[in-house]
Amino acid sequence: MLIQRPSDILASEITSRALFENRRRFLRDAGLLLAAGALGSAGHRAEAATPAATRLGPLASSPLSTGEEKTSYKAVTTYNNYYEFGTDKSDPAENAGRLVTRPWTVRVEGLAARPRTFDIDELLRLAPLEERIYRLRCVEGWSMVIPWVGFPLASLLKQVEPLGSAKYVEFVTLYDPKVMSRLPVLDWPYTEGLRLDEAMHPLTLLAMGLYGEVLPNQNGAPVRLVVPWKYGFKSAKSIVTIRLTDKQPATAWNKAAKHEYGFYSNVNPQVDHPRWSQATERRIGEFRKRPTLMFNGYAEQVASLYQGMDLRANF
Amino acid sequence: MMNMLQTPGRTQIAWIKAALFALCLLPALRLALGWQDDALGANPIETITRASGDWTLRFLLITLCVTPLRRITGLNWLLRLRRMLGLFAFAYGCAHLTTYVWLDQFFDWMAIAHDILKRPFITVGFAALVLMTPLALTSNAWSIRRLGGRRWQALHRSVYGIAILGVVHYWWLVKADVREPMLYAFALAWLLILRAWWRELERRRQQSMPPPVPAYKGRVIRIVPTGK
Ligand code: HEM
C-alpha cells in the first residue's frame, strides 16, 4: 500500500507541530510566539533567511500525501542544494535573500497551441492549491519529507494546449548574475527536463509553497517543480520558462557529468551513482540509514511509465 | 627573549608542546560540543565526516610545512613539534574512518567493503589512511634507532604520496565545485616544488664542491642538513 489515506490534518496544525519538533527552539521563540498572537507560525520564521512569509490557503489535502513524519521546517529551509547561491548546504539560506521574487512571470511556450506568459499571482489562482506531503530523495544519499503547496503541473500545461508533436518539457530557471554566483560551477541557467507523460503525471507538482506558506527563496521561490520519484536535482527551482519540445532537452547536471546524472534520474536503489551507493539513504533527523525504495516509494503510481525500458541504461 | 625564541629550553619546549597539543584538540572539541548541543546542522553525521576529513588533510599539510618553516626561519626546534602534528593527522584520519564506519554506515561491513572496492574516492582515501599507519607506528625514537636514520627517512618520505592521495580523494568526492580541493592541491604543490627546488640547489652545491666529498656518481644523499 503506497497510497495513503487523505491526511486530515489542517495546514495550520502542521505548522504549529513543526514548532514543537524542536523544544529548545520552541522555548527560545516562545516570546516571539506570544507577540505574534494567533499567528502560530511566526516562531520558526525567526530561523529563516527570508522575510516574514505569507500563508497560503485554503489548502486541499491530497490522497497522494504520505503520512510519514515530516522533516522539520528548519532543516527543510537551511539544508539546501541551490548552487546559484553557493555550493554548501547552508549557503542558499544565507544568500538567497537577495533573490527578487516579485514581479515574476513564467513563460510557457514551444509546441503549444496557445503559448503565453503567466504572472505569479495568476499562477497562484490557476488551480486549487493542494498540500502534498512528499518524500524527497537527493542523489547524495539523504532524504526528507516535505509538505509542499501547489497543484499538478498538468493543470498549467493544459492551459497552453500542447501540440501532438510535443514530447518533452524543458524547464529553464532564473539566472541573475547580479544576485547569484558568477562561478561557472554549472552551465547557467540551470535547465531540467521531463518527458511529456512524466510532466503530465498527477504526482508532478508545480509548487509555490511549503509548510502552508509561500516558498522561502532558498527552496526555489516563487515557483518550482517537484517530481517526487526522481532525484531532487530534477525538481528545478525558480522557474522562468517552460518549453514544450520534440527533442529531449539538455539538463544541467547531465551536461556537467553525463556518466553520473542521466536524463531520467529516477530514484533506483539498484543503480548506483558511480561515486556512491544508492541502496540506502539517511532521512534527515534520523541516525541510521534506511533502505531506498524503488522510484522513491512511488512505484505503484509511476512504474508503468517506464515499462519495457532498461533502467540501467536509462539511468 | 630573542634567545628564548631561537633556542627554547627544555621546560619551554614542554610548554610549547602542551599548548600545541591543546590547540590541535580544538577542532575535535568543537565537534563534540556541537554534537551534544545539536548544533551541527541538519545532517550532523555529514558535518563530522567532512570536518574530520578536512582536519586530516590540514594536519598533513601543516606537518609538511615544518621543514620549510624551520629552514626559512632558522628555528631548528620547530622540528621537535613535527611528530605531534603528524600524529594528529593520523588521529583525525582515524576519527574520520570511525565516523564513516560507525555513524555513517553503522558497521554495515558489506556496504563498507563495496565502497572501498568500487568507489574510487573511498579507495584512495582508504589507501591514504592505510599508508599513514606505518608512519604513525614508527613515529618514536626506538623505531628510528631500530630502522636506522636513512631507512626511517625513506619510509617517512611516503608522506608526500599520502598527501597527494588525500587531495585526490577530496577532488573526486566533490560533485562540481572543485575550488576547495584545488586550494589544497595548490598548497601541496607549492610544498613539493619548494622541496624539489631545495633538493636541486643541494645537488648543485655538492657538484660544485671540490672532490673531498666522494662523488656518489652525482647522486644526492641528503636534502637538507640534519642539524645533528
Ligand atoms: C579510511 C579511509 C577513508 C574513508 C572511508 C573516507 C571517506 C570519506 C567520506 C565518505 C567523505 C564524505 C564525502 C561526502 O560528504 O560526500 C570524506 C570526505 C573527506 N575526506 Fe575522507 N575518507 C578516508 C580517508 C581520508 C584521508 C586519509 C583523508 C586525508 C588525507 C581524507 C580527507 C577527506 C576530506 C578532505 C574530505 C572532504 C571534506 C569536505 O567536504 O570538506 N579522507 N571522506
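Q: A polar contact is a pair of N or O atoms within 3.5 Å, and within protein one must be able to donate a hydrogen and the other to accept it. Which side chain makes such a contact with His273(A)?
A: Keep in mind that this is a predicted model. His273(A) sits in the loop of chain A between helix H9 (252-256) and strand E12 (280-283), and with 3% relative accessibility it counts as buried. At 3.2 Å, its side chain has a polar contact with that of Glu260(A).

Q: How confident is the predictor in chain B, as a mean pLDDT?
A: For the complex, the predictor gives a pTM of 0.83 and an ipTM of 0.81. Within chain B, 90% of the residues reach 70 or more, and the mean pLDDT is 91.

Q: Over to the metal: which histidines coordinate the iron atom of the ligand?
A: The contacts run through NE2 atoms, at 2.0 Å. One of the histidines lies in helix H4 (residues 82-104) of chain B and the other in helix H9 (residues 158-173) of chain B, so the pair ties together parts that are 73 residues apart in sequence. They are His96(B) and His169(B).

Q: What geometry does the site of the iron atom have?
A: Ideal angles for six octahedral donors are 90 or 180 degrees. Here the iron atom of the ligand has six donor atoms, with angles of 85 to 180° among them. The site is classed as octahedral.

Q: Is His169(B) buried or exposed?
A: The cut-off for buried is under 20% relative accessible area. His169(B) comes in at 15% relative accessibility, so by that cut-off it counts as buried.

Q: Which side chain has a polar atom 2.8 Å from an oxygen atom of the ligand?
A: Of the 20 residues around the ligand, those that come nearest include Arg50(B), Asp54(B) and His96(B). Arg50(B) has a polar side-chain atom 2.9 Å from an oxygen atom of the ligand, while an N or O atom in the side chain of His96(B) is 2.7 Å from a nitrogen atom of the ligand. The 2.8 Å distance to an oxygen atom belongs to Asp54(B).

Q: Which helix gives the most to the shell around the ligand?
A: Four helices of chain B each supply at least two residues of that shell: H3 (44-73), H4, H6 (120-137) and H9. By class, the shell residues are eleven nonpolar, seven polar and two charged. With seven residues, the one that gives the most is H3(B).

Q: Now for some backbone details: what is omega for the peptide bond from Arg102(A) to Pro103(A)?
A: Chain A has a cis bond from Gly57(A) to Pro58(A), with omega near 0°, and Pro58(A) lies in the loop between helix H3 (42-45) and strand E1 (60-61). Pro103(A) is in the loop between helix H5 (91-95) and strand E2 (105-110). The bond from Arg102(A) to Pro103(A) is cis too, with omega near -5°.

Q: What is the phi of Phe295(A)?
A: Phe295(A) is in the loop between strand E13 (290-291) and helix H10 (299-302) of chain A, and it counts as buried at 4% relative accessibility. It isn't a glycine, but its phi is positive, near 50°.

Q: What is the relative accessible area of Ser238(A)?
A: Ser238(A) isn't a glycine either, yet it has a positive phi of about 45°. Its place is the loop between strand E10 (224-226) and strand E11 (239-245) of chain A. Ser238(A) is buried, with a relative accessible area of 0%.

How values were computed:
Residues are numbered from 1 along each chain as its sequence is written. Chains are lettered from A and ligands numbered from 1 in the order in which they are written. This is a predicted model: local features need pLDDT of at least 70, side-chain atom pairs count only at pLDDT 80 or more; totals for chains, interfaces and linings use all residues. Side-chain values use heavy atoms; hydrogens and water are left out. Donors are N, O and S atoms within 2.8 Å of the metal (3.2 Å for Na, K and Ca); water is not among the atoms, so sites may look incomplete. Four donors count as tetrahedral if all angles lie between 85 and 135 degrees; four count as square planar and six as octahedral if opposite donors are over 155 degrees apart and all others between 65 and 115; anything else is irregular. Buried means under 20% relative accessible area, exposed over 50%, partly exposed in between (1.4 Å probe, protein chains only). A residue is near a molecule or strand if one of its heavy atoms lies within 4 Å of it. Ala, Val, Leu, Ile, Met, Phe, Trp, Tyr, Cys and Pro count as nonpolar, Asp, Glu, Lys and Arg as charged, and the others, Gly among them, as polar. pLDDT is the predictor's confidence in each residue, from 0 to 100.
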